[in-house]
Every structure is written in structure tokens, then in C-alpha cells.
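Dear colleague,

My notes on it follow directly after.

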Amino acid sequence: MELKHIQKGNVCTGKTVRLSILYFFIYCPLGVVCPLIGQYLSSIGFTGTQVGAITSLGTGTAIFAGMFWGQMYANSRHKRWMIGFMCFSAGLLGVAGTKTEVFLIYTLIYCAMYFFQGPIHGLCDSLVLSKDGNFSMIRSFGAVGYAAAVFAAGKYAEATELKNIFYIYAAAYLVVIFMLLREEEPPFHKEKGEKIRASVLLKNRQYLKLLLCAFFVMGTNVANSTYFGYLFREGGGDLSGIGFAFLLMAGSEAPFMMLLPKLVRKFSSETMILFAMVLSAVRFGFYSTGPSSGMLLATFFLQGMVNGVLLVELVKYVDRLVEPKYSGVAIAVYYAIGNSLSVIVCSFLGGVILDAAGVQSVYGFFSLYNVAAVVLYIVTGLYKKKSAV
């Protein structure tokens, strides 16, 4: 069995700086499109149902895309070029979508865009983990990039036209391609004639347990972006306050990611994940009580404490549970199932509960959903410190 690559500690090197800048731009496209896609689609005449269908189908496409591109990545000697091709295709399709206002055509373009965009972040995580031990610091710049893009794109779209967000989206990916191709290829572990398949992961029980736990916690933290506005308005806030709250919450993730290496050395990665899961359940339980908009703003840092840990340490945990040659496909499948599928379930059930019982009940559901993750994480023994494969 191959030895897991050796982590290089937390010494900031030139490589760390380059990869941090790369991650800043990798997450800019998400920050540009995700908060504004609903408003853009509404502006070109799509109904709420059509908006929900488009975004859900796009996320659903990412599930299959993760498995497809994860296997391609694991079996490729040209991993940088492959990710670069995916970035180029996603950017091109994003711009192409601005040329039509026909629902069916736009849906097909949006799903195709997500087919290329969806797995990019997981594959980049695998690439970085194989090249640099400072993943927490590097990933924190992704959070900064996302928050900066949310703010900048909102201001730019307000001053010009909403469709221009897709030109910023494409431009950010061009920067990513340029920076990716300046990096060296990550190590290639596959033996001659060997075919790496995602199905092998079904034999890894620890990986499957972690995937299930992630499913019950990651979807709620993404779906929160959809339903938080309802909660904020119900608590007395206005539209401008929602944007400010999102900026604070997304921006709070980076400091906690930077602090993580010290916390992990003291408490272990597994313990920090458990802490973040418990805090996520408590956070949404608090939201279910219907706090005022002022209280929601005052507790913005809870998102940083939860996502700052989970977005980094769950990926690192996945990487530790598999051999290096399976890292790319394992992380891609983790994003597909633990994130994308979970988001679809939470968003759909959240919408049903919103109509039936109100937004406070949505967050009560999110809290219970996270409690299931905590129970599973403890019962399966995942909280115990693990050694790399």
C-alpha cells in the first residue's frame, strides 16, 4: 500500500502564496453568480418555479459530474490541463447563457455549465493537498475571494446590468487557468494498466461513514443561504441588511480557517469536526426561535466557526481515509454526495416546510438534520483520531 504524502507543516512558502492567490480566484466565480442567479433569472422573465427548477437541476448535474470528472482526474497525467479545460468550458457556457431567455435552452446551458463547474473545487482541493501542507491557510483565501466577489459583483451589477456577472465569472476563470498552468503537475500514483474507479470507494467503510455524516451537515449550511433572507426579514431586517449580513458571515470564515492549524494541533481534526457539527445544530436551533435581525447580525461569526472548520477539515479527513491515487475521485464524490445531493434535499424540504409552517420551522428542521450528523459521527467512532492511509 502506498504511503500518504507527507504534510509539510504550516510554514508559509512561495508555493503557499501562489496557491492562496489561485484559491482566491477559484472561489470568485461562485461569489459572483450564486447570490445573484435568482435575481438575474427573474429579471429575464422566469417564474419562481422556473428559477428553482434551473438551480436544482444544475446542482443535480454536479452530482454525476463529480463522479465522472473525479475518475478522469485520478486516471489523468495532465491534471492541471484537465481542470483548466473545465474552467474554460464553464466560463464559456456562463457567457452563452446570457444570449437566450428561452427556459428550456437556458436550463440546458446552465446544467452544462454546472457539469464543468461543479467538480472544480474538489479537484483543486486534491491537487493542493498533494502539493502543500498549508491547506487551511490556502482554503481561507477561497473564503476571502468568495466574500469579495459577493460584494464587488453586487455593486457592479447594480451599476450596470445583471447579465454582466457572467462576464466577471468567465474572467475569473481565465485567471484561474493562467495560474493553474504555471504550477507543476501533482504526483501521479496510478500503476501502469490500472484503471481507477469510484466504485472501489464502496469498500472503504470509514469513507462511507464520513460521507453519510457530511450529508447530514453540509447541505443545511448551503441551504441557509437561500432561507436566511426570509428569517432576516421576519426579524425586522431589510434587503440591504441581508447583503451586509452575508458579507459578514462569509467573511468570518477566513479568520477561523487561518486559526485552524493551531486548534487542530491542540484538539485534533476529528474533535474540531465534532465541535463544528454540534455548533451548527445549536446555531440553527437558535435561528428557529426567531431572533431579531440585530441578533442575527451580532452572531454572524457562528458561520465562520462552523464553515471555517467543516469546509477544511472534512476534505482533509476524506484525503486521510484513502490512498493517494484515490484522493481526487474520493474528494469529488464527497462534494457530489456530501454537498450537492445534500443541498438538493435540504433546499427542497426547506421549501416545503417554509410553505407549510414558516421559516422558523425550516431552521428547526435544519437543526434536527445536523443532530443526526452528530449522532452518526459519534456512534461510528469517527471522532477518534485517525492515521493517514
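**Helix packing**

Helices H4 and H17 run roughly antiparallel to each other, because their axes cross at roughly 170° and an angle over 145 degrees is counted in that class. The model is a predicted one, and the findings here should be read accordingly. H4 covers residues 48-74 and H17 covers residues 327-357, and their axes come within 8 Å.

On the H4 side, the contact involves Ser-56, Thr-59, Gly-60, Ala-62, Ile-63, Gly-66, Met-67, Gly-70, Gln-71, Tyr-73 and Ala-74. H17 contributes Gly-328, Val-329, Ala-332, Val-333, Ala-336, Ile-337, Ser-340, Leu-341 and Ile-344. Sorted by class, the contact of H4 with H17 comprises 12 nonpolar and 8 polar residues, with no charged residues.

A second pair consists of H1 (residues 14-26) and H7 (residues 120-131), whose axes lie 12 Å apart and pack at an angle of about 175°. H1 is therefore roughly antiparallel to H7. In this contact, Lys-15, Leu-19, Tyr-23 and Ile-26 of H1 meet His-121, Cys-124, Asp-125, Val-128 and Lys-131 of H7. The residues of the contact of H1 with H7 divide into 5 nonpolar, 1 polar and 3 charged.

**Arg-283**

Arg-283 is located in helix H14, which spans residues 269-287. Is Arg-283 buried or exposed? Its relative accessibility is 1%, so Arg-283 counts as buried, the cut-off for that class being under 20%. Beyond its neighbours within four places in sequence, Arg-283 is in contact with Asn-221, Asn-224, Met-249, Leu-302 and Gln-303. Phe-216 stands 67 residues from Arg-283 along the chain, and the C-alpha atoms of these two residues are separated by 15 Å.

**Cysteines**

How many disulfides does the structure hold? The count is 0. Cys-346 is in no disulfide, and the nearest cysteine sulfur, that of Cys-213, is 14 Å away; a disulfide would require the two sulfur atoms to be within 2.5 Å. Cys-346 is buried, with a relative accessible area of 0%. Cys-28 likewise counts as buried, at 9% relative accessibility.

With kind regards

Key. Residues are numbered from 1 along each chain as its sequence is written. This is a predicted model: local features need pLDDT of at least 70, side-chain atom pairs count only at pLDDT 80 or more; totals for chains, interfaces and linings use all residues. Side-chain values use heavy atoms; hydrogens and water are left out. Axes are lines fitted to C-alpha atoms, for helices over the stretch in contact, and angles run from 0 to 180 degrees between N-to-C directions. Helices (H or I, at least four residues) and strands (E, at least two) are DSSP runs, numbered from the N terminus. Angles under 35 degrees count as roughly parallel, over 145 as roughly antiparallel, 65 to 115 as roughly perpendicular and the rest as oblique. Contact means heavy atoms within 4.5 Å. Ala, Val, Leu, Ile, Met, Phe, Trp, Tyr, Cys and Pro count as nonpolar, Asp, Glu, Lys and Arg as charged, and the others, Gly among them, as polar. Buried means under 20% relative accessible area, exposed over 50%, partly exposed in between (1.4 Å probe, protein chains only).
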